[in-house]
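Where does the ligand sit, and what lines the pocket? The paragraphs below take these two topics in turn.

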Amino acid sequence: MRKPVIAGNWKMYKTIGESVDFVKDLRARFAKVDHCDVVVAPPFTALRAVADALKGSNIAVAAQDCHWNKEGAHTGDVSTSMLWDAGCTHVIIGHSERRRDHGEKDEEVNKKIKAALGSQLFPIVCVGETLEEREAGETEKILHRQFTGAFLGLTAQEISRIILAYEPVWAIGTGRTATPEIAAESHRLLRELARKQFGDEPAINLRILYGGSVKPDNVGGLMAQPEIDGALVGGASLKADSFAALVNYPRT
Ligand code: PGA
């Protein structure tokens, strides 16, 4: 059985003070949650304070990006060992906003994944097609390219530490969620790619999250799909009530 993951990607929101107040609230609300793993991804500046506020809790801390080098002349970048040092256990890699704003390529995603694994972090790796690509019938081709590029040279053991997130770019922050069926179709495709590259068991165990305008009112339908193992949530993860509603998604 794959344990679901509900992860909040805060993007470029919240000061240190706001972050700490927020996670103290979440910590109290989620004290008894064990049906899913909960992850929050604050901005870099708040990582240490959030990790301290969540010490000993059941909420994990993720960074939103990393560099692949251990250290060096890379102005503005943060290494995986620095993230570990700041209290992170997870790191989001290859988010479409990094690809869009910073021209991040599959090759860099691959290097970042390897660096994260080398620092004992769990990578949350994002893939997904744009609207243009979907309308041109290229979804499968794009997912194939992003998947094989990201996981080039990884072993089955390494893939077992990775969480994959399918985030169709046209659904991110647009209010336009993929239907559960559309999302599940892409998840099946990704799981099949995992099976081909890593074998049956790693593919069966791979947790694939859906991301893109997940809200309290659509999370139930998405989570009812056996192929969907959780959600990577932006906007609706920023308020305690809505994030709590997502973590406590309807279960039968
Ligand atoms: P959204 O963002 O939930 O605001 O659409 C999702 C994401 O970018 O991870």
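The model is predicted: local features need pLDDT of at least 70, side-chain atom pairs count only at pLDDT 80 or more, and totals for chains, interfaces and linings use all residues. Residues are numbered from 1 along each chain as its sequence is written, and side-chain values use heavy atoms, with hydrogens and water left out.

Around the ligand there are 13 residues, each with a heavy atom within 4 Å of the ligand. The closest are Lys11, His95, Glu167, Gly173 and Ser213. By class, the shell holds 4 nonpolar, 7 polar and 2 charged residues; Asp, Glu, Lys and Arg count as charged, Ala, Val, Leu, Ile, Met, Phe, Trp, Tyr, Cys and Pro as nonpolar, and the others, Gly among them, as polar.

Lys11 places a polar side-chain atom 2.7 Å from a ligand oxygen atom. For His95, the distance from a polar side-chain atom to an oxygen atom of the ligand is 2.7 Å. In Glu167, a side-chain N or O atom is 2.7 Å from an oxygen atom of the ligand. The protein buries 97% of the 280 Å² that the ligand exposes when taken alone (Shrake-Rupley method, 1.4 Å probe).

Lys11 also belongs to the lining of the largest pocket, where Lys11, Met12, Gln64, Glu97 and Arg98 lie nearest the centre. A pocket is an open set of points on a 1 Å grid over the protein atoms alone, where a 1.4 Å probe fits, with protein on both sides within 12 Å along at least five of seven lines; lining residues have an atom within 4 Å of a point. Of the 15 lining residues, 5 come from helix α4 (residues 96-102), the largest share; a helix is a DSSP run of H or I, at least four residues. The lining divides into 5 nonpolar, 4 polar and 6 charged residues.

Definitions and conventions: Helix = DSSP H or I, 4+ residues; strand = E, 2+ residues; numbered from the N terminus. Polar contact = N/O pair within 3.5 Å; in protein donor to acceptor, adjacent residues only side chain to side chain.
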